Amino acid sequence: MKNIKKLELSENYSVFSPADGQEVGNYPLMDRAAVDEAVQRARERFPFWADVPMTERRKILRKVASVLSENADYYAEIIARETGKTKLDALLADIYSTLDLLKYYSKKANKLLKPVRASGNPLLPGRKLYYRFEPKGVVGIIAPWNYPFTLLAGPAISALTAGNTVVLKPSSQTTESGLIFQEIMEKAGLPQGVIQVITGNGSVTGQALVENHDLDMIFFTGSTQVGKDINVQAAKRLIPTMMELGGKDVSIVTRNANLDRAAHGTLWGGITNSGQTCIGTELILVDRAVYDAFLTKIVPLAKNLKSGREAGQVGSMTMRSQFRIVEEQLKDALEKGASVLVGGKVDRDQKGLYFPPTILVDTTPDMLVRKEETFGPLLPVIPYDSLEEAVRMANQSEYGLSGSVFTTDMDEGRWVANRLKTGSVNINDVLVTYAYPSLPFGGVKKSGIGSYHGEIGLRAFTNVKSVTEFGWNLKRELFWYPVPEGGDKVAASLLAALFSGNPLRRLTSAVRAGIQVIQIAWSRRKQ
Ligand code: NAD
């Protein structure tokens, strides 16, 4: 907070809880000058932070985990207030997953970022080869509102662990999550200025960050459209980006599925966090042979779900604009012939953005709910006739974030998993990829570029530098100037000795090359 007050500010904005309309906070809407100042400060702090030994960085990660876990209830309350989600959703998805990532990197970062030895080349003997991972510099992180804490903490922790400084813009609706993250990091000993949270909306503050010329990387989580625009702008300045974008994830329930698990799993995957989960189930495809049986399992489960402030099972949606999209998709589906089996009626007397968990059947591919990201608790169940058809339907989507398959036949599960064009797949599970910090997390097609988490995800915040070391005290190399007489013949012998498919030819060429090299060395002895 201290950093923010120092910066030049133009105006303020208020955030209200979507659950009860109460004001959560009032924040400065940072303009370009304020954003540029934050980036400049991050640039100044970068050499210092890049030089802090990994043991110190890991100590801070452990301390952050302590502060966060000891005050988890307090922080979950704040996250729940600004998003409208239940406290359980905040504790499990936002706080637990962040703690797990902190623990993983505090244990593994040293090993994951250690220089890696590489194999040599017989034409260039005597060298030690390795590549090192060096921080990129100043990383700009832009985060969404649906898991407002973990989706900014995840990339920020990765970037900081790798030695970068960070300028972080939370979604304006969930500004407080960004500010508490900075507060926790600094309480745990992260020096001031190493991470700075900038507050404001996308069009002013976010845009100013993207247009800043002194960023070394942009990490963006949000909608595909905004991600595309940011990527175009970054490409013009050759700034690398990582993009975590939208999805239309499919759960496939085969005729061999444990239908109880499939019903519980897909319902959780579709409805948790009020359906506002990027890797949430958006369509349930069920083998026609078990379609009716599946419906008899999922319908009563969905009917028993209670949304509303008192019920505490399904929270409020966060954004009115998203609520309208879900309403619009439901209306469109009903107009085109779909039927509602559960839910579908918004209780207008209820305060807050509570959309009832809704199960739809008889949908067709031309409906919005089948084509576009829903990002709300509206779940179509669709029968299919063959697994090939199910996979084809799943892969028709322009998105490729995640997906799942329910089956007791693991070969069948793997068959499907290997064919889905997505960044991750769960067999007999939903949403769990994000819960394993050791697994890379990211999407393909219009769901994103690159992955974070795990070894790949930590190294993604670094530049790779290849190094060769030569310690023999030689005056020059065989082929350096002046080129030796008959150098071409030696080169030909060496190539045959190394790569010929004929073992006898390799042997005779090696002997010839040895003699030629000795002759050159002898002739050069006085040069
Ligand atoms: P959004 O794209 O509207 O906003 C995301 C962030 O970008 C916000 O901080 C916003 O202020 C900022 N922003 C908006 N316009 C900007 C601009 N012109 N320049 C710079 N920044 C700008 O997305 P959202 O509504 O916050 O989030 C929902 C979307 O995010 C969904 O599509 C969802 O699928 C996706 N999402 C993806 C993942 C993933 O890991 N793949 C995770 C969560 C959410």
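Me: Which strand order does the open sheet of three strands have, and what is its pairing sense?

Reply: The order is β3-β4-β20, with antiparallel pairing. This is a predicted model, in which local features need pLDDT of at least 70, side-chain atom pairs count only at pLDDT 80 or more, and totals for chains, interfaces and linings use all residues. Residues are numbered from 1 along each chain as its sequence is written, and side-chain values use heavy atoms, with hydrogens and water left out.

Me: What makes β3 and β20 edge strands?

Reply: β3 (116-117) and β20 (462-470) each pair on one side only. Strands here are DSSP runs of E with at least two residues, helices are runs of H or I with at least four, and both are numbered from the N terminus.

Me: Why do β4 and β20 count as paired?

Reply: Two strands pair if DSSP finds at least two bridges between them. Strand β4 (residues 127-135) and β20 have nine bridges in the antiparallel sense, so they count as paired. E134 stands opposite N463 in β20.

Me: Why is the pair of F149 and F181 called edge-to-face?

Reply: Rings of Phe, Tyr and Trp (its six-membered ring) pair if their centres lie within 6.5 Å; planes under 30 degrees apart count as stacked, over 60 as edge-to-face and the rest as tilted. The structure holds 13 aromatic pairs. In one of them, F149 and F181 have ring centres 5.8 Å apart and planes at 80°, so the pair is edge-to-face. F149 lies in the loop between β5 (138-142) and α6 (150-161) and F181 in helix α7 (residues 175-187), so the contact ties together parts 32 residues apart in sequence.

Me: How do you know whether F149 and F181 are buried or exposed?

Reply: Buried means under 20% relative accessible area, exposed over 50% and partly exposed in between (1.4 Å probe, protein chains only). F149 has a relative accessible area of 1%, and F181 has 1%, so both are buried.

Me: What makes F441 and Y452 an edge-to-face pair?

Reply: Their ring centres are 6.0 Å apart and their planes stand at 85°, so the pair is edge-to-face. Both F441 and Y452 are buried. Ring pairs link F219, Y434, F441, Y452 and F461 into a cluster.

Me: Why is R57 said to sit over the ring of W49?

Reply: The rule asks for NZ of Lys or CZ of Arg within 6 Å of the ring centre and within 35 degrees of the ring normal. R525 lies over the face of W522, at 4.1 Å from the ring centre.
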